[in-house]
Amino acid sequence: PSIDEIVNLHDFEAVAKAILPAKAWAYYSSASDDEITIRENRAAYQRIWFRPRVLRDVSVVDWSTTILGQRSSLPVYISATALGKLGHPDGELNLTRAAGKHGVIQMIPTLASCSFDEIVDATVPGQTQFVQLYVNRDREITRKYVQHAEKRGVKGLFITVDAPQLGRREKDMRMKFVDESGVAKVQENQSGVKKDEGVARAISSFIDPSLSWKDIPWFKSITNMPIVLKGVATPEDALMAYDYGLAGIVLSNHGGRQLDTARSGIENLIEVVAALKTRGPWPNPKFEVFVDGGIRRASDVLKAIALGASAVGVGRAFMYSFCAYGQEGVEKAFQIFRDELEMNMRLIGARTIDELSPEMVDASAIHSH
Ligand code: FNR
């Protein structure tokens, strides 16, 4: 279909599925084991209901916000997703260019299929990027990567902590690893690559499973970027992150690709925010909570923010948009978010992101199944 026929973010997924090579589709769409968590990521939002307010003069609504102190035209950032070139020859650059044009923040993946510098070089002046980190067993490689990112102007470090070992994405494992442009690029910099376990495993064997809280002071010593832990799931770990002086956490289960039957980020948000409120008023300018997983609608975004998140991350929906239509697809995905945000904010009675509050949602049924 032509891009004009795309009405919502689900449509990109259908196009991507139809046009992608089987291996790329398997890598992007797969989740771990029985794929219960990926299903839950969508379902949990559908158990939250709105409590809209009326008669609030919603003629002007504004969905722009700040994320880690950086301006963002959307309350949504592009989360790190590896191996963009499996789905489109321009890979991650589709995201960079669209994000630069529209004031959206991109998180650059460690396992991007374009090089880090190629991605940063594709930015426009004033464009904000974050970087996602898989911590290498060789900490010198990690130190250089982080410091290079900071030097290149990256404004936030997201350390992925939910992947000491890659989950078994069985769809992906059934596709034998064949060398392809995107994968080859990533391989160049890594050692110990195994070729028979699917794309995900093949590229990730350098990740250090010994990573622990004891390493956190070291990260703080090598960079001045705000540090966020990506892949936290509990109030216990949220409080640890806070007490270690980090800048925030992403409540995430890696898009259902890691621990299957882990709860969804949105389900964990309520108890995490309740715990953080014991450290001071919420929102807390020193610590931000983000949520990702399953976000396909502006209504999902607004629910997470109403419940205390500062912004949300989106992975697959943006990937599928560039697989289908390149940069233009990503721009269209932003437009869909804008249109849906405008309508939903009006219908909820929130003129700004700050006006979203817990009273605007009924999450009392979120844990029932
Ligand atoms: C991911 N994700 C991810 N996360 C990360 O920290 N490093 C990575 O390299 C990747 N790679 C990756 C590849 C693909 C194909 C997917 C789908 C996801 C997880 C990603 O950042 C985010 O947490 C989820 O994608 C959010 O869920 P949705 O939006 O895909 O439902």
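Helix α2 is mostly covered, since seven of its eight residues are buried, where buried means that 20 or more other C-beta atoms lie within 10 Å of a residue's own, exposed means 12 or fewer, and partly exposed lies in between, with C-beta atoms placed from the backbone. This is a predicted model, in which local features need pLDDT of at least 70 and side-chain atom pairs count only at pLDDT 80 or more, while totals for chains, interfaces and linings use all residues. Residues are numbered from 1 along each chain as its sequence is written. Helices (H or I, at least four residues) and strands (E, at least two) are DSSP runs, numbered from the N terminus.

- The buried residues of α2 are K23, A24, W25, A26, Y27, Y28 and S29.
- Around the ligand there are 24 residues, and the closest are S79, A82, G255, G315 and R316; a residue counts as near a molecule if its C-beta atom, placed from the backbone, lies within 6 Å of it.
- By class, the shell holds eight nonpolar, 12 polar and four charged residues, with Ala, Val, Leu, Ile, Met, Phe, Trp, Tyr, Cys and Pro counted as nonpolar, Asp, Glu, Lys and Arg as charged, and the others, Gly among them, as polar.

**Strand β8 and its partners**

- All six of the six residues of strand β8 (residues 227–232) are buried, and the strand is thus described as mostly covered.
- Strand β7 (residues 157–160) runs parallel to β8 and is joined to it by four bridges, and two strands are said to pair if DSSP finds at least two bridges between them.
- Within this pairing, L157 has I227 in β8 as its bridge partner.
- Strand β9 (residues 248–251) also pairs with β8 in the parallel sense, over four bridges, and L229 stands opposite I249 in β9.
- From β8 the chain crosses through helix α11 (residues 235–243) to β9 in a right-handed β-α-β crossover, a term which means that, with the strands pointing away from the viewer, the path from the first strand over the helix to the second runs clockwise.

**The nonpolar core**

- The largest nonpolar core has 113 residues, of which L269, A309 and V312 touch the most other members; such a core is a set of buried Ala, Val, Leu, Ile, Met, Phe, Trp, Tyr and Cys residues joined through C-beta atoms within 7 Å.
- Helix α14 (residues 316–348) supplies the largest share of this core, 16 residues.
- Leaving aside neighbours within four places in sequence, A309 is in contact with L269, V289, F290, V291 and A304, contact being defined as C-beta atoms, placed from the backbone, within 7 Å.

**Helix α4**

- Helix α4 (residues 93–102) is largely enclosed by the rest of the structure, because seven of its 10 residues are buried.
- These buried residues of α4 pack against β4 (76–78), β5 (106–108), α5 (116–121) and α14.

**Backbone features in loops**

- Most residues other than glycine have a negative phi, and most peptide bonds are trans.
- D33, in the loop between α2 and α3 (36–45), has a positive phi near 45°.
- L55 has a positive phi near 55°, and L55 is exposed, because 6 other C-beta atoms lie within 10 Å.
- W282 and P283 are joined by a cis peptide bond, with omega about 0°, and P283 lies in the loop between α12 (265–276) and β10 (288–292).

Terms used. Two residues are in contact if their C-beta atoms, placed from the backbone, lie within 7 Å.
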